Structures are given as structure tokens and as C-alpha cells.
Amino acid sequence: MKKILLQEIARVVANKRLGGDHFKLVLRSKGIASSAAPGQFIQIRVSAGTDPLLRRPISIHRVGAGTLELLCEIVGKATMILSEARPGDELDLIGPLGNGFGLGCAKAPVLVAGGMGVAPLAFLAEKLSKLKPLVLIGARSKKQVLCVDEFRKFGCKVMTATDDGSLGLKGRVTQLLENVLKGASGPRVNIYACGPRPMLKELSRLSVKYNVPAEISLEEHMSCGIGACLGCVVGTKSGFKRVCKEGPVFDAGEVIWQEE
Amino acid sequence: MNPKLSVNIGKLKLKNPVMVASGTFGYAEEFRDFMDIKKLGAIVTKTITINPRPGNPAPRTCETPAGMLNSIGLENPGLDAFLKDKLAPLAKTGVPVIVSIASEIDPAEFIELCRRLDKVSAAAAIELNISCPNILDLKNRSKIKTLISQDADSTYALVRSVRKVTKKTLITKLSPNVTSIAEIARAAEDAGSDAVSLINTLTGLSIDVDDMSPKLAVVTGGLSGPAIRPVAVRMAWEVFQKIRIPIIGMGGIIDAESALEFIIAGATAVSVGTANFIDPAVSVKILSGLRNYLKNKKIKDINELIGGLRVET
């Protein structure tokens, strides 16, 4: 089926500060919300002027009845402006963009999030809730561990790892994952992951070592988000692929990792 | 009464002067959901080379104040795949397709490309991209040092050599990274170019100070967007005073007003580039803005506006 892309003016319904630099934006959206799939993203125009000039890609965190939810962290000027959006403000969106996660063959899904990587995985967890996914969340410390209650609401089991040990395992989320994979028995595990590159690289190594399929969502600098500018490529076994168009979700085994 | 918007670029008749710039519109398929492509005056394709090119490693783009740097590296499927897969659906829109071409190392590749495109009826015109600042010499892993468009004699020789093998409208795309762009434009005109397009991107460098590293993988890139517009408009005006062939103006056009700046400076047509990334439907909005401007000013024909800059002396 051909996917239709939309340009929508969406009204801000709510903007909730979640503590720290995190916030959740709820936008009124008819078209994009009704056709979005987990792992897809939108391109959001932050300013009507030239600063910032380009749209910013933001993954779809949840969809409701006629609403889109975005989970964001203030990391620069664009996200700072978004964090100050008020109910009633209008934002220019393009979406739903990219290819999301494959849902078909999952039996025992394991969702692995690093930091803000929880954002698209909440939408996925909701879709897969019948399968009661296992969710592994890694972050620098307890304060950066987001969405635990949301995942539990979907019937997920949640385990956490923090760099400083303030919540869950002291260490990397990929260590948690390896523990899970070592002990796995029963239905075949499918990994779905989103997070920083080093985490995804290690996760890809584990998916080979334990012979389990893994789908990973990548980030790259984007300009257009619709496949025109060829800016956001990633090296794969079949050449450069556009993260915005062929991705952002790729099979872990496809991606060629650069030396960090 | 509706003002007349049609303009001529060489043998090419455009129903209106709003085009989309090479490398910013893919092969048009990415924009179909957002706008009526048929409304465009012309489409300039992503630059094609004889052989497929993978392009440069990422990061390939970064945002800069009111602009962006890019170093895509002419990623394209090569001439054969372009002719087989991309050109026919593009031409089906009825909008004239201007095929942008470049050589990788040997300028003689331009001759081969033009010779082959000359026989392709779906190619309405050819744009000679002799000004891309991002071509990596894939063997030596270094950027090509001097662009053809940075030297008047080289520009003359190149245009002259391709003029001999094609009757199609030839548009020479010029680099702003020169001392006198008017001199290069003159060389292109003297060698038989039907039009010039300007400007290509300005070479730039953006640095991540935490890492003390360049923001682009290949260090430098081409600057585009509103940041370069005054430079581009000035160059259009300078070139307009020195040549008789039409100018296609570009560089930071984001709305009708910025398109009008180029036309008043001397451009016969305009190309929308980076703005396509910000608003995929912007080109048709610019077109309707141009129409409104002419109506409000009671100008019957857009050709009356070209080069109409009023300078008190």
C-alpha cells in the first residue's frame, strides 16, 4: 500500500514538563495520528522564520483519538522553543515519515531503550501489549529513566540499568539484554531498540552472538525528512540508505558500524 | 486579467518562471503528496554522472545561521539507471525536465553525457553543473581543487566542447566562489551557453567546538539558504549587466518576495532550493505570490520586471 504523507497544522493540546529537561507535547492531529505506525516520525517546523531554519525530526511517542504525543528533551534551541509551546499554539507537521518497526512475526518481544530511546518504543509497546513485551531501559541515572509507568500500564515487564546505579542494574542496558538472552528459553525473542549509536552497535553484536533478530531505530542529521536531500544516510551492506526514507528502523545486521 | 508568467530560456518555453533547484527536489517523487507538481515551470534533476556515485559519508548536512551546509557528494544512480527508472515518470508530469549533469574526474564525461542526452526527448534541457564544491576524488580521498567554473578559460572550453554535441538548451551553473562571476558568465555565453544559472553553494566550514572537529564528515560543504541570498542577488545583478542570455537566479529563495529580488536584479527564472526542505509545497506558494504581486502592481507580463532594478545615480 502506498503511504500518503501529510502536511498538517496541528494545535497544541497540552505541554507537560516531566522534570529535568524532558517534556511531553500533545498535538491535535487527524490525518497523521490515524495513519502513524510505531517507529515512524514527524518533521516539525519550530519557527516560522529562519532560526531555526530546518524542521526537526521527532519520533511519534503515542497516538490517541485524534492526537499525537511527542516525548522530547531540551537539547538545543529548537527543542527549547518546543518546550515553551502553549495549548492553542499551532505547529506545522509533516508525516508520518519513514518505515516503522515490523510487527508481524513478534512472539516474545524485547524492547531496549537507551535514554530518549523510550520515545518510539512506548507506541510499539502499546501495539504489542497482547504479547506482554519485556522492556529494558538504560539511562545515565534514575532521573533520566522515563516512561516506566506507561510501559507497565501496557502489561510490560520493565527492567532498568543506570550508569550510576541509582536505579536497577549498575551498568549498561546491553548487559541487561545479554543476561536476558543468556537465560532465554521458550518462544523466539525479537529485539526492538532505540538509543545512542554505541548502544545499538553493541546490541547488534549481541543479536549476532545469540542469533536473535533485532530491529533498531537510528538517528541522523536530517534536512528534509522526506528522502529528497540525501543528507541522512547510513552505511549498510547494500550501500548508503536514507535514515528518513528506508529507515529510521533497520535490521541490525544490515548496518555497517563505524569505529567509534 | 491574469498576468503573463511565461518566460523563455533558450529554446525552452516555461509556463512560469518558478523552477526547483538541482539536488533539492530528488526526482520529484518525494513531493507528490504535498503539491501539484504540474504547476512548476521546470524541474532540475539531482545531478547525474555517467557512473553511479555512492556519495560522501555522513554527516552530510548541518544547520547554520539561516542556512545549511551540505556535502552530499553527488550521490546518484548513474546515467543508465536515471534514464531507465527516473526520467520517464518525471517527464510524465508534463513539466520540462532539465537534466543536471557533472563529470567526476575527466571533463570529457560532460561530452559523453550531452551526446547521449541529446537523443533523449524527455530531457528538455541540460544544466552543466561545473560548480559542485563537494566532489571527492574517490581514489585520492580529497576534494577536487579547482572547479571548472572557477576559471573562465576552462568554462569556455567545456561549454564549447559540449555545444558541439547537443542542440538542446544548455544552462551553465556557476559558482559564487570566484573573484568575478560576470567574467565566468561571459565565457559561458561566448562559448554558446543558452543561459546561466547562479549561484551554486558557497564553500563553508562549521566546527563542533566540544569535539574540535568539523560538523561534516568531509570537512567542508556548500552553504545554502537565506543566509546567502544577498550575495546571490548581487551576483545576478552583476551578471545581468554583462551578458545577454537569460539568468536563472537562485540562492536562499524562500518566498515570493525573495524570488522577486532575483527577477528585479535580472533573473528571467528562479529556482527554489533549500526552502523545499522546510516546506515541500513552497514552490507553488511562491508562484501564486508572484502572480499576486504582478496583479497588485498592474504589471501585465513578468518579462517587464526582469532587471527592473531602479538605481539612483
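Predicted model: local features only at pLDDT ≥ 70, side-chain atom pairs only at ≥ 80, totals over all residues.
Residues are numbered from 1 along each chain as its sequence is written, while chains are lettered from A and ligands numbered from 1 in the order in which they are written.

Chain A holds six helices and 16 strands (DSSP runs numbered from the N terminus, H or I of at least four residues for helices and E of at least two for strands). Its radius of gyration, 18 Å, is close to the 18 Å that the globule rule gives for 260 residues, so chain A is as compact as a globular protein of that length (the radius is taken over C-alpha atoms, and the rule is 2.2 Å times the number of residues to the power 0.38). Of the 260 residues of chain A, 49% are buried, meaning that 20 or more other C-beta atoms, placed from the backbone, lie within 10 Å of a residue's own.

Where the chains meet, 26 residues come from chain A and 28 residues from chain B; contact here means C-beta atoms, placed from the backbone, within 7 Å. On the chain A side, strand 14 (233-236) and strand 15 (239-242) are the elements giving two or more residues.

Over in chain B, the buried residues of helix 5 include Trp237(B) and Phe240(B). The buried residues of this helix pack against helix 4 (181-190), strand 12 (195-198), strand 17 (247-249) and helix 6 (256-265) of chain B.

Terms used
Contact = placed C-beta atoms within 7 Å. Buried ≥ 20, exposed ≤ 12 C-beta atoms within 10 Å, placed from the backbone.
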